[in-house]
Amino acid sequence: MADRPPGKAVSASPEALRARRLRSWVSVLLVLVAAAAAASAAWLLLRPTPVQVATVSSGEAVDAVYASGVVEYVRQARIAPVVTAPIRAVLVEEGQAVRAGQTLAQLDDGPQEATALQLEAQAGLARAAARRTARLYAAGFAARAADEDARSQLAAATQAARSARARLEDYRIKAPFAGRVLRRDAEPGDLATVGKALFVVAVPSALRVTADVDERDMGRLRTGQEAVIRCDAFPGQVFAARISDITPQGDATSRVFRARLALSPDTALRPGMTVEANLVVARRPQALLIPTSALKDGALFRVRDGRAQSQSVRTGVQGAQRTEILEGLKAGDRVVLAPPADLKDGDRIAVRP
């Protein structure tokens with residue numbers, strides 16, 4: 001290759017110029033892309049996380065024990081015969097008011113009546129024999145042992161006759177107390193059997209709820225504590241009650257105790273309805289409350305200077321909507337609702353309306 005003459009300029013070809021310009025543009029573009037990526041990454045890192053917040057407020061917290069139960073009459077009896085016999089007559093109807101001791105049904109007592117008459121006749125004969133022996137003994141014509149034997153036989157015969165007559169009452173089905181006939185399962189001609197209830201009688205003016213309470217909550221309950229009753233038959237309504245009695249022994253299988261809840265005489269609840277009860281253990285009218293959705297694994301995020309600050313709290317009564325805070329917050333603090341899974345302590349936040 002020959003040397004260039006000194007001072008002689010060499011012109012580049014058009015293709016070389018275009019390649020040189022292209023390389024320059026690519027270099028500039030790469031620099032711009034890198035700068036944009038860096039700016040985007042910085043924006044993502046510094047971008048505040050949008051969140052919703054709520055203010056810690058004061059309100060009433062109700063500490064209660066949950067229980068389920070059934071409405072029933074305070075005084076109710078299932079009346080069954082103690083003898084087996086055909087039903088001769090039924091003397092009441094369902095819904096009828098009855099007096100204490102009133103006969104509800106009469107069973108066929110013919111055989112028992114015959115037995116009673118026979119034993120009464122035998123008692124009469126024993127009475128006559130005892131009198132005759134007593135006269136002979138008084139006159140000295142009978143031994144003392146004969147007189148004592150006659151007296152003994154008279155006493156036995158008399159007692160047997162009285163027992164037979166008393167057993168006739170078993171054939172009369174009676175009301176144990178004044179009330180109303182709720183159910184009648186007896187018809188003339190039916191065979192009444194021992195233990196099978198023929199009538200249900202109750203005092204309709206007094207109702208209660210029998211509720212099953214978990215044994216773990218029994219140490220917190222006392223008679224006289226108030227209760228709040230809810231029933232699906234009356235949506236949106238609550239009924240007041242009080243604990244009137246707690247059974248002294250629980251069920252070892254189901255691990256529950258029974259609590260009796262007295263209802264108002266004018267309650268709209270009806271026997272047989274199933275209900276849910278909250279047995280109130282304590283009321284705190286000035287408790288600190290937050291939305292339950294702010295809690296996550298026993299902690300929450302408090303809003304401080306535009307950042308999320310992780311805060312451990314001690315909770316009290318916890319409900320579906322509100323939770324009581326015992327320690328860790330004060331009234332007026334703001335907390336993050338339903339905190340995002342990637343939210344960390346110290347992250348910048350932007351409050352959404």
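Helices here are DSSP runs of type H or I with at least four residues, numbered from the N terminus. The model you have open is predicted.

**Stop one: helix α3.** Select arginine 144 and glutamate 148. Both sit in helix α3, four residues apart, about one turn of the helix. Arginine 144 is exposed, at 56% relative accessible area. Glutamate 148 is partly exposed, at 43%.

**Stop two: from α2 to α3.** Now select glutamate 113 and arginine 165. Their side chains also pair in a salt bridge, 3.3 Å from N to O. Glutamate 113 belongs to helix α2 and arginine 165 to helix α3 (residues 144–167), so this bridge ties together parts 52 residues apart in sequence. Glutamate 113 has 26% relative accessibility, so it counts as partly exposed. Arginine 165 is partly exposed too, with 31%.

**Stop three: the positive patch.** Select Arg127, Arg131, Arg132, Arg135 and Arg162, which form a positive surface patch. Helix α2 (residues 110–139) gives the largest share, four residues. Arginine 127 lies in that helix. Its relative accessibility is 33%, so arginine 127 counts as partly exposed.

**Stop four: arginine 184.** Is this residue buried or exposed? Arginine 184 is buried, with a relative accessible area of 14%; the cut-off is under 20%. Its side chain meets that of glutamate 187 in a salt bridge of 2.9 Å, N to O. Glutamate 187 is partly exposed, at 40% relative accessibility.

**Last stop: a network.** Select Glu60, Glu226 and Arg283. Salt bridges with shared partners join these residues into one network. Across the whole structure, a search finds 23 salt bridges.

Technical notes: Residues are numbered from 1 along each chain as its sequence is written. This is a predicted model: local features need pLDDT of at least 70, side-chain atom pairs count only at pLDDT 80 or more; totals for chains, interfaces and linings use all residues. Side-chain values use heavy atoms; hydrogens and water are left out. Patches are made of residues with over 30% relative accessible area and no salt bridge: like charges are joined within 9 Å, nonpolar side chains (Val, Leu, Ile, Met, Phe, Trp, Tyr) within 5 Å. Accessible areas come from the Shrake-Rupley method with a 1.4 Å probe; for residues, only the protein chains shown count as cover. A salt bridge is a side-chain nitrogen of Lys or Arg within 4 Å of a carboxyl oxygen of Asp or Glu. Lys and Arg count as positive and Asp and Glu as negative; His and the chain ends are not counted. The place of a charge is taken as NZ of Lys, CZ of Arg, CG of Asp or CD of Glu. Helices (H or I, at least four residues) and strands (E, at least two) are DSSP runs, numbered from the N terminus. Buried means under 20% relative accessible area, exposed over 50%, partly exposed in between (1.4 Å probe, protein chains only).
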